[in-house]
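Here's a quick briefing to read alongside the model. Have the viewer open and follow the topics in order.

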Amino acid sequence: MDARAALVRPTEHGLWCEAGGFHIDPCRPVDRALITHAHADHARPGSRHYLGAADGRALLRRRLGGDARVEGIGWGEHRRIGDVSVSFHPAGHVLGSAQVRIEHRGEVWVVSGDYKRDPDPTCRAFEPVRCDTFVTEATFALPAYVWPPARDVAADILGWWRANRDAGRPSVLFCYALGKAQRVLAELARLTDDAVYAHGAIVPLARLYRQAGVAMLPIESVDLRRRRAWDGELVIAPPGAAGTPWMRRFRGALTGFCSGWMRVRGNRRRRGYDRGFVLSDHADWPGLLATVRDTGAPRVLAMHGRDDALVRYLREQGLDAQSLATAFTGERPDATAPPG
Amino acid sequence: MRAFAALYDALDTTTSTSAKVAALAAHLRDAPAADAAWAVHLLAGGRLSRVAAPSELRDWLYRHAPWPEWLVEETAAAVGDTAETIALLMSAQPSAPDGGDDEDAADASLGLAAWIEQRLLPLRDCTRETREATVTHWWRSLDAERCFLVNKLMTGGLRVGVSRALVARAVAEVSGLDRAVVQHRMMGRWTPGAAAWHALVAPGDADADRSRPYPFFLASPLAAEESPADRLGDRRDWLAEWKWDGIRAQLVRRDGRTWLWTRGEELVTDRYPEVADAAATLPDGTVLDGELLAWDADGVMAFASLQRRIGRRRVSARLLAEVPVRLLAYDLLERHGTDLRNEPLAVRRRALETLLDAAPDALGVSPLLAAPDWPALAVARDDARARRVEGLMLKRVGSPYRVGRVRGDWWKWKLAPLTLDVVMLYAQPGRGRRANLYTDYTFGVRDGTALVPIAKAYSGLSNDEITRLDRWIRAHTTERFGPVRAVDAVQVFELAFEGIARSSRHKSGLALRFPRVVRRREDLGPDDADTLADARALLAGADEG
Ligand SMILES: [Zn+2]
Ligand SMILES: [Zn+2]
């Protein structure tokens, strides 16, 4: 690819749009940052000016610190930055997660950020945006990754919790603190109204979700509550809490983990949780392929995870696909070599 | 089959032993007798004779998956298991509308026994084309759980983290029988079916199968450097014998007939006719526990000699003369039809000596070492290699004959080097001259229900053995990772090493110094392999030493 023609390209500071003079999800402090969503690997503190979807502004501020200059922009609202026109479109990943659309002299690029196609009561559904170049994530780009409906998974979680309750034992469910935890609480709210306990890292984020109008099960902070026994309770905690002294209070607890990785038995076993629930905020394989189709993009740049597999598959389907990491270095990765 | 799939899922999704027992017991209570028998058989480690080779399943997957071969391969590498890859890529997706066609409904009502007896086993005799068509049709019509199970059944066994002992616990719970009785009934020949289930849970101890041996009591390793004085206390509480380097076996003499069982529950009566003949002199209702050894006029022969007899079903007169075998007994489990296992060892031992006092040469008693104290025993142990024994066995005088590996009463105090019985997990080709042979192996020990890699070793085996193993590896590959092949984890080897230390670089947390393969243990199954705890116990000894 001709580097001059590229509207967006990777640099050591992250994705850089020269015509607009901004970075997207920069990994180091920059002057002007467009942020797709508030996960730590996308929203990093230290930049001078941030722009993100208005729905996610509160989460971004919490993530970036109170004195960060964070500007919110409405869905689909066009903003002139430098030489380009920019707009944000729902990505369906977590509250306020966005794809960034960039238009420059009639050419349109879309940077997907993280996204999923499955329904999620906690955020706006993914909106396909027509473009010439689609920069897509590829976290789960293998055909084994196909998600069951989230409602079914929620019913499984509830069944597990009930069974553990009948056995007089606590259930500790590990979920990423931002997004997954709230999605689980929202899905469960359709099935029960029992209260749930949450780790201290989850509570303030859930409060922001509630303020954004997301209906979830009532939660209480584990840390604010003095209890001797947790038998029968459901506790939601971030995966980082597993194996820490914080866990000791939940005597006899059974543990579960919500993640797309739990689709594979070996992952379930290796992680040592009692139960794995297949629930992901990323697109599964059919979701990735459908999205590439929906954007109508003749050119696809893939990043994260199994970009190699996605790229090679799309190329065999006749698309101009490349791995973002190698598209600008001139090096020819194995994955794009013709099949042997 | 649906019920069994649900059970499998329940077993697979919990790490709690009591939850596993409960799930298993609930299943066995509700299952039709034949299904229950098959469930017990499979979960206790039994396998079907192979319906399809893993390589065939892979070929069929490549041909029928809706994705290019390289993508299927990438997926298989990420999933790490062929049966599961197929289930994930081929089976009816969970989002598909319920109901399905009539045939699917019929599948759902078909029990485990019917699936195996009417569908899987008859397929063995079909052409490759028929098997491919049938199996790929199953893949498409079954849900992921049953698809996975059927694949596992076709290629061998289920590995779901359930031990024989755990299955016995569940059967005991369902039947109200004592766990040891159940475990005993699960020994020996077992043809799954309704009758077998009824016999397994029948009240009382009237046992139809008279050939059955008792569950073996297994010794735990004491580190070579460890001082028995500290660990075991008073020498007078212990009987000391040589630890023989042969094949552990039980000789069962009942109703005028003889059965010789190895620890791997293989019936080998016909392979050792001299032992079987000698057993004819024993009274009915006798069960001996001991070691099969190659033994000529000069005494015990090297294990390599015995190996010449192990594989032979029909023994030539010449081989019989060159490598005579005898059973050196060290325990008497049954006398005049009475179970002696709860008697103290000293009592059983005296009865054994009396019983075999005038027995033919092919039956002997493993002698006791007289050394009066631990230092004297240590000196005797140093003599072990010269005597072609592995070290000493230390057995508590007052101990009953227990079931399985219960620490505390029986110790093997081997001469250094340390050894562990390990399971082969991976193989890769050697270098240079041996680049076309699989000679580098990775071995694992049991950790709960899993196998954890513990050492990599280059073959210490004979060329014949290596060639034989190479063929076996190629035929039993389950997965490939570049040049490395994962193999069916069923082959047990004895690994010797000079030392053991903690290591954060290895998954097992242990590093072995100079590991080498001593020999293949064809008499042992993967469930007989040593555990991570056994390996750690050596470490504790070494640390204290
Ligand atoms: Zn994210
Ligand atoms: Zn991300």
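Val135(B), Trp138(B) and Trp139(B) on the H9(B) side touch Cys147(B), Val150(B), Asn151(B) and Met154(B) on the H10(B) side. Keep in mind that this is a predicted model.

**H9 and H10 of chain B**

- Helix H9 covers residues 128–141 of chain B and helix H10 covers residues 144–155, and their axes sit 9 Å apart.
- The packing angle between these two helices is about 150 degrees.
- Anything over 145 degrees counts as roughly antiparallel, so that's the label H9(B) and H10(B) get relative to each other.
- Sorted by class, the H9(B)–H10(B) contact has six nonpolar residues, one polar and no charged ones.

**H1 and H2 of chain B**

- Helix H1 (residues 2–12) of chain B packs on helix H2 (residues 17–30) of chain B at about 170 degrees, with the axes 9 Å apart.
- That angle therefore makes H1(B) roughly antiparallel to H2(B).
- From H1(B), the contact uses Ala3(B), Phe4(B), Leu7(B), Ala10(B) and Leu11(B).
- H2(B) answers with Lys20(B), Ala23(B), Leu24(B) and His27(B).

**Chain B overall**

- Chain B contains 21 helices and 22 strands.
- It runs to 545 residues, and 57% of them count as buried.
- If you take the chain B contacts with a separation of 6 or more, 71% come from residues 24 or more positions apart.
- The accessible surface of chain B is about 22800 Å², and carbon and sulfur atoms hold 49% of it.

**The zinc ions and chain A**

- Which protein donors does the zinc ion (ligand 2) have? They're His42(A), through NE2, and Asp114(A), through OD, lying 2.1 Å from the ion.
- His42(A) belongs to the loop between strands E4 (32–34) and E5 (49–53) of chain A, while Asp114(A) belongs to the loop between strands E10 (107–111) and E11 (133–137), so the pair ties together parts that are 72 residues apart in sequence.

Conventions. Residues numbered from 1 in each chain as written. Chains lettered and ligands numbered in written order. Predicted model: local features only at pLDDT ≥ 70, side-chain atom pairs only at ≥ 80, totals over all residues. Heavy atoms only, no water. Donors = N, O, S within 2.8 Å, 3.2 Å for Na, K, Ca; no water. Helix = DSSP H or I, 4+ residues; strand = E, 2+ residues; numbered from the N terminus. Buried < 20%, exposed > 50% of the residue type's maximum accessible area, 1.4 Å probe, protein only. Contact = heavy atoms within 4.5 Å. Areas by Shrake-Rupley, 256 points an atom, 1.4 Å probe, with all protein chains shown as cover. Axes fitted to C-alpha atoms, helices over the stretch in contact; angles between N-to-C directions. Parallel < 35°, antiparallel > 145°, perpendicular 65-115°, else oblique. Nonpolar A, V, L, I, M, F, W, Y, C, P; charged D, E, K, R; others polar.
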